[in-house]
Amino acid sequence: MSNRSYTGSHFGTFEIIKSDGKSVELAASDFEVEPTPIMQSFAESLSSPLRIKKPAVRKGFLEKGIASKSARGDEPFVEVSWDVALDLASDNLQKIYDKFGAEAVFGGSYGWASAGRFHHAQSQIHRFLNKLGGYTASINTYSHAAAEVLLPHIIGTEDEIIYNGTTWPVIRDHTKLIVAFGGLPSVTGQISPGGVSSHTNRSWVEECAKAGVRLVTIAPAKSQYDASFDSEWIAPHPNTDTALMLGIAWQIWENGQCDMDFIKRYCVGFDEFLSYLTGDSDGQAKTPQWASEICAVDAERIIRLADEITSQRCLLTSTWALQRADKGEQPIWMLIVLAAMVGQIGLEGGGFSLGLSSFNGVANPVKRRRYASLPQGVNPIKQRIPVARITELLESPGKQIDYNGNTITFPDIKAIYWAGGNPYHHHQDLARLQKAWRNPDVVIVNELEWNAMARRADIVFPVAGVMERNDVMASNSDKRLVALKKCAKPVGQSKTDYEIFCELAKRLGIYEQFSEGRNENEWLHEIHKRGQERFKQQDGNLPEFDKFWKDGFFQHCKHEEHRVGLVAFRENPDENPLITPSGKIEIYSKTIAGFKYEDCRGHPMWMPPKQYLSSKLTERYPLHLMSPQPNLRLHGQFDGNGASAQSKIKGREPAYLNQQEADKRGIKEDDIIRLYNDIGATLCGTKIVDWVGDNIIVLPTGAWYSPLKDNPSFCVHGNPNVLTYDEGTSRLSQGPSPNSILVEVELYRGELHPVE
């Protein structure tokens, strides 16, 4: 076994080459196949001027308390002692719990702060608040909220459909054609929930290409994987994929290629959908010609796609980006209906995938096993808020919204405690969020660096990073457990989340309940013991903790798993029913129809989004903004360090457009440009590329929100979410809809304001 020491994260595992306690030299681990340059951002974080080194309190809050909340985000911070900051935080939390109750506290976290199973910010803060009496929590993710809510109604759980689908070796050996709506995203293939020990996504893509698998990318921008395949790029108007799929479905029906045996045995509700498809219910047949006028794909190409999809073993897949849009449930639902009509669901290399390449773990040929983590306890506050509705929560106490057949009433939030994640990266319409963010009485944050969220808090606790603590990395879709070994002293006076919550717990009288009297090492042993028990239940074995820790990692899965999505259901739908009300694929859902939502009916439909390239708004804003995940960071992490910082153009985030769109506006490579619409504006650098379609501009997410003080809608750094409206995908899921935005671009000639 290895005598090497490792550290790791959601985007890779790194070998610790050298450390003097203050600086660290990292290299790709010995089992890494496709190392990422992001690892250098970790090393640089130890000496970064952006690190929070001491507890700090907003000046107005220190002097005037909650009376100063209207200045939150505008004032400087004062460094204080740990005792002062902890006393201030505990006193404010106690008063709010006593006066307003647990539902007045929002416990914010988003899971990507650490890949460790103990120093996992989400688990830490939720455990702490649960021991304190509970809190208002969020539900679903920014990644695929619409799919999470929709899938159980029509086919299965997120875990079953996204993470237990067909594996890469099966695709390589049996698939002849991949039709990828949204493409195969190489950027997100770098990461995986729970961590990555070895990146394999690109290797599997290349193996599929060598095996003769053909790829058709249907997306506004090419995938970086397209060059590996004998691929074809079709560029429809964004947000029109549902119409395109309906055109394909109509042609399949017209050609007599619909697998009615599959439909009759495995599906319900096809007749209701067919009435819509043929136009019997609304007077409009969804022909390729009809679809072509909406999506700007030639009707003859749509007709040929129908034949190609049905004449060979074909895997249909969609990126998660498609459902992060107005009416985002529709393309996911329609993809499943299209796959059902083809009839290859449950067959080797056929059917569909949701998010193929969207995480390193999707389609990874690994037997998924669940390790243990820090127990969070039970939250007595049962109502949870859709994660993308946080601004509404803060600005409208008492407001009611529809969600998945239920009504949610927003509580009056008096305190926000956030540890892990950054809403000023994920959320839409940041100027609106900033205004609502000033409504609670107190905002407390555990944070590594002075990012946009930390600068909009009242009390900031400095957190030790992954290299400044010990932990275990264990992803459900990775074949290794990795010992994450402390190799540097905590920067400044920073403490781990656990140490911070222990100190607060002492002041609030819940220390024994929260800590159970264990230190870091004792918790790691306890979690590993629970992990051993879980692995035994899942036909796996783990070594004792001390041996594992000495070796540095343990490879618990040595064999590739031959897995076909929904194969058991296909083989015997009676003995292996789906979790849907009927136990079958619900092409028409009586449950969803019963909700009577105008924006999400009983079967998939084409419903024009509020903004897209065929709307009248293009007269003012002719470009569709796409805001994918960044290539050189995870979300907004380490944006000011390493590879991410080096990619900036005059300190601004790069935006990508093609030569034709640049020429129309007199824009050249590396120019500073202004993106704008009725919601806001932002400054970016320019990259002119050949992989972006006409009428499209691509601005990745994650640049730290840096607005002008007197104009919160104008970000000088390149954060796309000053341009995105904050409305849910539909009343069903209330998911985020950032990919339904139109903008215009111009050469910027004004003052180049400094980035905070």
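1. Terms and basis. Helices (H or I, at least four residues) and strands (E, at least two) are DSSP runs, numbered from the N terminus. This is a predicted model: local features need pLDDT of at least 70, side-chain atom pairs count only at pLDDT 80 or more, and totals for chains, interfaces and linings use all residues. Residues are numbered from 1 along each chain as its sequence is written, and side-chain values use heavy atoms, with hydrogens and water left out.

2. Overall fold. The chain holds 25 helices and 31 strands. Its radius of gyration is 25 Å, close to the 27 Å that the globule rule gives for 756 residues, so the chain is as compact as a globular protein of that length. That radius is taken over C-alpha atoms, and the rule is 2.2 Å times the number of residues to the power 0.38. Along the principal axes, the C-alpha atoms fill a box of roughly 75 × 60 × 50 Å.

3. Of the 756 residues, 64% are buried. Buried means under 20% relative accessible area, exposed means over 50%, and partly exposed lies in between (1.4 Å probe, protein chains only). Contact means heavy atoms within 4.5 Å. Among contacts with a separation of 6 or more, 75% join residues 24 or more positions apart.

4. Surface and charge. The accessible surface of the chain is about 26,800 Å², and carbon and sulfur atoms hold 46% of that area. The areas come from the Shrake-Rupley method with a 1.4 Å probe; for residues, only the protein chains shown count as cover. There are 82 positive and 93 negative side chains, with the centres of the two sets 4 Å apart. Lys and Arg count as positive, Asp and Glu as negative; His and the chain ends are not counted. Each charge is placed at NZ of Lys, CZ of Arg, CG of Asp or CD of Glu.

5. Salt bridges. The rule asks for a side-chain nitrogen of Lys or Arg within 4 Å of a carboxyl oxygen of Asp or Glu. The count is 50 salt bridges. One of them pairs Lys399 with Glu392, with the closest N and O atoms 2.6 Å apart. Lys399 is partly exposed, at 34% relative accessibility. Glu392 is buried, at 9%.

6. The Asp326 and Lys327 pair. These two residues form a salt bridge, with the closest N and O atoms 3.1 Å apart. Are Asp326 and Lys327 buried or exposed? Both are buried. Lys327 has 12% relative accessibility and so counts as buried. Lys327 sits in the loop between β12 (314–318) and α14 (329–342). Leaving aside neighbours within four places in sequence, Lys327 contacts Asp599, Met607, Pro608, Pro609, Lys610 and Thr729.

7. Helix α20. Arg530 and Glu526 lie in this helix (residues 520–537), 4 residues apart, about one turn. They form a salt bridge, the closest N and O atoms being 2.8 Å apart. Arg530 is partly exposed, at 28% relative accessibility, whereas Glu526 is buried, at 16%. A salt-bridge network with shared partners joins Asp83, Asp87, Glu503, Lys506 and Arg507. Back in helix α20 is Glu522. Glu522 is partly exposed, with a relative accessible area of 38%. The C-alpha atoms of Glu522 and Ala71 are separated by 43 Å, and these residues are 451 apart along the chain.

8. Pro375. Where is Pro375? Pro375 lies in the loop between β13 (351–354) and β14 (384–386). The residue is partly exposed, with a relative accessible area of 24%. Not counting residues up to four places away in sequence, Pro375 touches Arg127, Trp523 and Arg530. Its C-alpha atom is 9.2 Å from that of Phe118, a residue 257 positions away along the chain.

9. Positive phi. Two non-glycine residues deserve a look at the backbone. Lys596 has phi near 60 degrees, a positive value. Lys596 is in the loop between α23 (590–595) and β24 (623–626), and is exposed, with a relative accessible area of 67%. Asp670 has a positive phi of about 70 degrees, although it is not a glycine. Asp670 is in the loop between α25 (659–664) and β26 (672–676). At 34% relative accessibility, Asp670 counts as partly exposed.
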